[in-house]
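The sequence and the structure come first.

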Amino acid sequence: MRSERTIPNRLSAPVQLEPREATVGTYSIHVLGCKVNQYEAAQIARWLESRGIRPAREGETADLVVVHTCGVTTAAVRESRELLRAAERTASQRVIVSGCAVEDLQGQAKEVLAVPSGPGWAARFQECLEQKLGLRPRRELHLFRFPNHTRAFLKVQDGCDLRCTYCVVPLRRGRSHDRPLEEVLAEARGWIQAGHRELVVSGVNVGLWGRRRGHSLDELVAALLELPGLERLRLSSLHPRDLTDRLLEVLANSPRAMPQIHLPLQSGSDAVLRAMRRGYTVQQYLEAVERARRWLNEPAFTTDIIVGFPGETEEDFDATLNVARQVGFSRIHTFPFAPRPGTPAATAPKPVPPAVVKERMRRLKELAADLARCAHQQWCGRSVCVLVEEWKDGTAGGYSERYMPVRFAAPSSLVGTVAVVQVELADERGLYGHWVCAP
Ligand code: SF4
């Protein structure tokens, strides 16, 4: 891992940048990747707005463009690079590139300020605004906004202490560091007062929250679920080892905890899981699923699966398909394996030929669609509670308690409320029904 001192704050050879406070009046932010990045992008917007800079309107060229990148896969790095190039072409003043792919993009852009993810990122970003661009705070803005979201992402933790052999995130964001309980609760209260109906507990590996201080995630979740005014709470993603009985008991005891668990499987083969250094076996994964089924009311499971990890045989891949069928995931995020520099898997023997990876991806996506259809159809003829997030041409859309997309005819005034919907139809994309009432 690079030390803090070796990380540049520019992507190219130094250029003379004079502070130009008066000329930066508008900004735009492009963000890629996970909920942690979404949260950080909202933080960046707050820092800019507290300096008197406003979001650029549609069609307006921003004076400052921030590209908050994702480095988790090579596809994400490629997309980050494209966004950066587009920003360079359009921004009339300055570009800041930030996030997990900064090191991948080194040397590929001119006159771009760089703030890589990692410990101290927030302080370094604000320092960059002040020292490189001369943008000093003018007013204090405590809360920030999540555009187009009735949900708010609550970042409780960053970094990861695990070392999955394919993952670049710990190399970029460092070891796990978390936020104290009181700080998280204060921010959550603010989101609830600001009108967010659902909070999503987010982090790089949320199960590590509190561990170094002798606390555990269930304590944080229990405290959040007690907050007055909170309607819905979800966990963004959990390592299977962290789905403990204590946590499940806390979730089971509150109607505000949504019965949907994102539990990354990555592979259904013990040999591949070992090579990935995931820290669980297929048996242990399935036991976690069974535990959740015992505690929660008809939980839905969503997951991530990597296809074509080095050494993955046809039997290993078939085992993954079998586990997926056994669990009945309602949503599978599929990723073709792509080596990330600096990770052990990047130099692992027995790479899977690209044509084989492509074919396995096709089969997995087909299965994912079948399983999603099956999971969704179980709700036909029943009612679901939907947090309405969008409305267009007479149709409202949002997510059910189990994070299934729902569409139904309704007035636009329902956006931001929780509506009861009677489900009539379902396919692999979601549920369709009619609005019954507010619950
Ligand atoms: S648990 Fe593994 S995959 Fe997830 S961030 Fe940590 S090292 Fe990466």
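## Second largest cavity

The second largest cavity holds about 40 Å³ of space. The model is a predicted one, and three cavities of 30 Å³ or more are found in the structure. Two elements each give two or more residues to the lining of the second largest cavity: strand S10 (232–235) and strand S11 (260–262). S10 provides the largest share, three residues.

The lining is made up of Leu233, Arg234, Leu235, Leu251, Ala257, Met258, Gln260 and Ile261. Sorted by class, six of the lining residues are nonpolar, one is polar and one is charged.

## Ligand surroundings

The residues around the ligand include three cysteines, Cys160, Cys164 and Cys167. Leu162, Tyr166, Pro170 and Val204 are also found there, together with Asn205 and Arg278. In this shell Asn205 is the polar residue, and Arg278 is the charged one.

## Parallel sheet and its helices

An open sheet is formed by five strands, with parallel pairing and the order S2-S1-S3-S4-S5. Strand S2 (54–55) and strand S5 (112–116) are at the edges; each has a single partner strand, so one side of each has no neighbour in the sheet. Within the sheet, strand S3 (residues 64–69) runs parallel to strand S4 (residues 94–99), and six bridges join them. His68 is placed opposite Ser98 in S4.

Two helices that pack on the sheet can be described by the strands they touch. Helix H1 (residues 35–49) is in contact with strand S1 (26–31), S2 and S3, and the direction of H1 makes about 175° with that of S1. Helix H3 (residues 121–132) touches S3, S4 and S5. The angle between the directions of H3 and S5 is about 160°.

## Pro405

Pro405 lies in strand S16, which covers residues 405–409. Leaving aside residues up to four places away in sequence, Pro405 touches Arg331, His376, Gly398, Tyr399, Arg429, Gly430 and Leu431.

How far apart are the C-alpha atoms of Pro405 and Ala426? The separation is 9.9 Å, for two residues that are 21 residues apart along the chain.

Definitions and conventions. Residues numbered from 1 in each chain as written. Predicted model: local features only at pLDDT ≥ 70, side-chain atom pairs only at ≥ 80, totals over all residues. Heavy atoms only, no water. Near = heavy atom within 4 Å. 1 Å grid on protein atoms, 1.4 Å probe; cavity = no way out; pocket = protein on both sides within 12 Å on 5 of 7 lines; lining within 4 Å. Points joined across faces, edges and corners; volume = space filled by probe spheres on them. Helix = DSSP H or I, 4+ residues; strand = E, 2+ residues; numbered from the N terminus. Pairing = 2+ DSSP bridges. Contact = heavy atoms within 4.5 Å. Axes fitted to C-alpha atoms, helices over the stretch in contact; angles between N-to-C directions.
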